[in-house]
Amino acid sequence: MRHLKFPDHAWRLFATVFGFAVFGVGGVIMGLLVFPSMFLFLRDRQRRQFVARRLIGRAFGGFWAMINVLGVLDYRIEGREHLGAQRDQLIVANHPTLIDVVILISLFPRANCVIKDAVTKNLFMRSVVRAADYITNSEPEELLESCVAYLRTGGSLMLFPEGTRSRPGQMIDFRPGAATVAARAGVDVLPVAIECKPLFLSKEMPWFFVPDERPVFTIKILPPLPASEFPEGDGDERHARHELNEVLLQRITRELIGMEF
Amino acid sequence: MDKENLYLKIRGILVDQFDVEEALVSMDANLYEELEIDSIDAVDLLVQLKEVTGQKIAPETFKEVRTIRDVLNALIVS
């Protein structure tokens, strides 16, 4: 929330372009030098995964702090008290902008993520995804299975049940995959509601569009929903996952409506 | 497994596990709209068919699937 005093539009446009450039150049250096060398120096897969995720978390945290200081955006984080337990839970968030993932990964550096198959094949990103041992969404049935299996090993996982960025001006909707994963793995869910006002880097908006006023991100970490409180759907797994999906959708939607200002 | 048995197998899964009314099931019934199965059911169906037939359906093909006939064609062709 500290930023230099250049609050005008032109400055933010410049800073945004600069941010993208830093992200791109940083990504290339990381992807071509830093992460590939981890395979040489860190032979143990677990250790490499730990170091890689921590580095990604720090880099993303640093990037977020940088664009904040430059005045690209402001943000506030609520519910930090729920950050404590990072193991063994499914983090579920809405996805209004391109960069909410950056702050979320910096808040949950140990969590696993699902990475688009296309990114996995990208020359620069390949080593990052492999070193951090992130899940890739190549085949739907394997994706579901790997998410459940990973949570059962005691790790935490982050999913965006909208499946893509939110459609501006529309109520958000969740696909049933994340609720299914939580129910089948039997882990607690940590819902996170994210809002960005005015909207910035959203779907259907060019990346260089900068609103008149500085965007403010509110990241609200909600109380966890324990697996023991999941709806039972009269004993029917299909009903149960739809009810759980509804519960998660409502919890997050309620916060988004409540955050209007 | 031939087409007829495979069809019966799919119908069995739909009726027993996904609460679909048997009368609604036909070769050209739309899985998502008429039989109201969701994307997770579709994946579960895929997993079970893989166990029965030993065949995988490519994800791109599966995305195109709308009817039981499409499922059968995908399995026969692949």
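Which backbone nitrogen does the side chain of D38(B) reach? In this predicted model, the side chain of D38(B) comes to 3.0 Å from the backbone nitrogen of I40(B). The residue D38(B) is found in the loop that lies between α1 (3-18) and α2 (39-53) of chain B. With a relative accessible area of 12%, D38(B) counts as buried, because the cut-off for that class is under 20%.

The surroundings of D38(B) include residues of chain A as well as of chain B: when residues up to four places away in sequence are not counted, D38(B) touches P176(A), R241(A), H242(A) and Y32(B). With one of these residues, H242(A), the contact is polar, and it joins the side chain of D38(B) to the side chain of H242(A) at 2.5 Å.

Attention may now turn to a pair of helices in chain A. In general, two packed helices are described by the angle between their axes and by the distance between the axes. Helix α7 (residues 177-185) of chain A packs against helix α8 (residues 237-258) of chain A at an angle of about 120°, and their axes are 8 Å apart. The angle therefore makes α7(A) oblique to α8(A), and the crossing in which α7(A) passes α8(A) is right-handed.

On the side of α7(A), the residues that take part in the contact are A179(A), T180(A), A182(A), A183(A) and R184(A), and these meet E237(A), R241(A), L244(A) and N245(A) in α8(A). Sorted by class, the contact of α7(A) with α8(A) comprises four nonpolar, two polar and three charged residues. R241(A), listed here on the α8(A) side, is also among the residues that D38(B) touches.

How values were computed: Residues numbered from 1 in each chain as written. Chains lettered and ligands numbered in written order. Predicted model: local features only at pLDDT ≥ 70, side-chain atom pairs only at ≥ 80, totals over all residues. Heavy atoms only, no water. Axes fitted to C-alpha atoms, helices over the stretch in contact; angles between N-to-C directions. Helix = DSSP H or I, 4+ residues; strand = E, 2+ residues; numbered from the N terminus. Parallel < 35°, antiparallel > 145°, perpendicular 65-115°, else oblique. Left-handed = near helix turned anticlockwise from the far one by under 90°. Contact = heavy atoms within 4.5 Å. Nonpolar A, V, L, I, M, F, W, Y, C, P; charged D, E, K, R; others polar. Buried < 20%, exposed > 50% of the residue type's maximum accessible area, 1.4 Å probe, protein only. Polar contact = N/O pair within 3.5 Å; in protein donor to acceptor, adjacent residues only side chain to side chain.
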